Amino acid sequence: MSITVTVNGVKQACNAPADMPLLWVLRDVLGLTGTKYGCGAGLCGACTLHVDGVAVRACVFPLSGAEGKTVTTIEGLSPDGTHPVQVAWKLEDVAQCGYCQPGQIMAAAALLAKNPKPTDDDIANALAGNLCRCGTYQRIRAAVNRAVTLRKAEKRA
């Protein structure tokens, strides 16, 4: 069965079972390995991506749920890595082991798209489901706040 999904701006006909988790479609069928496998139960957030702009857990989100929708992975957030969240991540030196970072960045980008001026509590709540085994939460919060500042500067320019 072929299900059509737009991934990172490219319409894709995916020949995979409708109930296959979107994570495996992306990684194994389409070769997009930026989205990580963590727990496989939607609990750790390593597989976070956007479906129609909403952050979802790809490990428990079926391919059929993405039919006709727009999926954005970490590879598609910004082709050149200049999304304000990605830039802030580098400036704040967030990554330690880096495994959770794609999911963290996608969750942060979804937050800022919905709430351009989040408080520290907003950030903590929005990213509470994204676990970092290295414990870089303070740097993550600093990066999200820096991304807010970078976005404001972009809008003024």
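Student: What makes C59 count as buried or exposed in this predicted model?

Tutor: Look at its relative accessible area, which is 8%. Buried means under 20%, so C59 is buried.

Student: How do you know whether C59 is bonded to another cysteine sulfur or too far for a bond?

Tutor: The closest cysteine sulfur to that of C59 belongs to C47, 3.6 Å away. A disulfide needs two cysteine sulfur atoms within 2.5 Å, so this pair is too far for a bond. C132 is in no disulfide either, with the nearest cysteine sulfur, that of C100, at 3.8 Å.

Student: Good to know! Why is the contact of R146 and E92 called a salt bridge?

Tutor: Their side chains meet with N and O 3.0 Å apart. The cut-off is within 4 Å, so the pair is a salt bridge. Because R146 lies in helix α6 and E92 in the loop between α3 and α4, this pair ties together parts that are 54 residues apart in sequence.

Student: What makes R141 and D120 a salt bridge?

Tutor: Their closest N and O atoms are 3.9 Å apart, and the limit is within 4 Å, so R141 and D120 form a salt bridge. The structure holds two salt bridges.

Student: Why is K155 called exposed?

Tutor: K155 has a relative accessible area of 64%. Exposed means over 50%, so K155 is exposed. It lies in helix α6, and K155 gathers with K117, K152 and R156 in a patch of positive charge on the surface.

Terms used. Residues numbered from 1 in each chain as written. Predicted model: local features only at pLDDT ≥ 70, side-chain atom pairs only at ≥ 80, totals over all residues. Heavy atoms only, no water. Patch = residues over 30% accessible without salt bridge, like charges linked within 9 Å, V, L, I, M, F, W, Y side chains within 5 Å. Areas by Shrake-Rupley, 256 points an atom, 1.4 Å probe, with all protein chains shown as cover. Lys, Arg positive; Asp, Glu negative; His and termini not counted. Charge placed at Lys NZ, Arg CZ, Asp CG, Glu CD. Helix = DSSP H or I, 4+ residues; strand = E, 2+ residues; numbered from the N terminus. Buried < 20%, exposed > 50% of the residue type's maximum accessible area, 1.4 Å probe, protein only.
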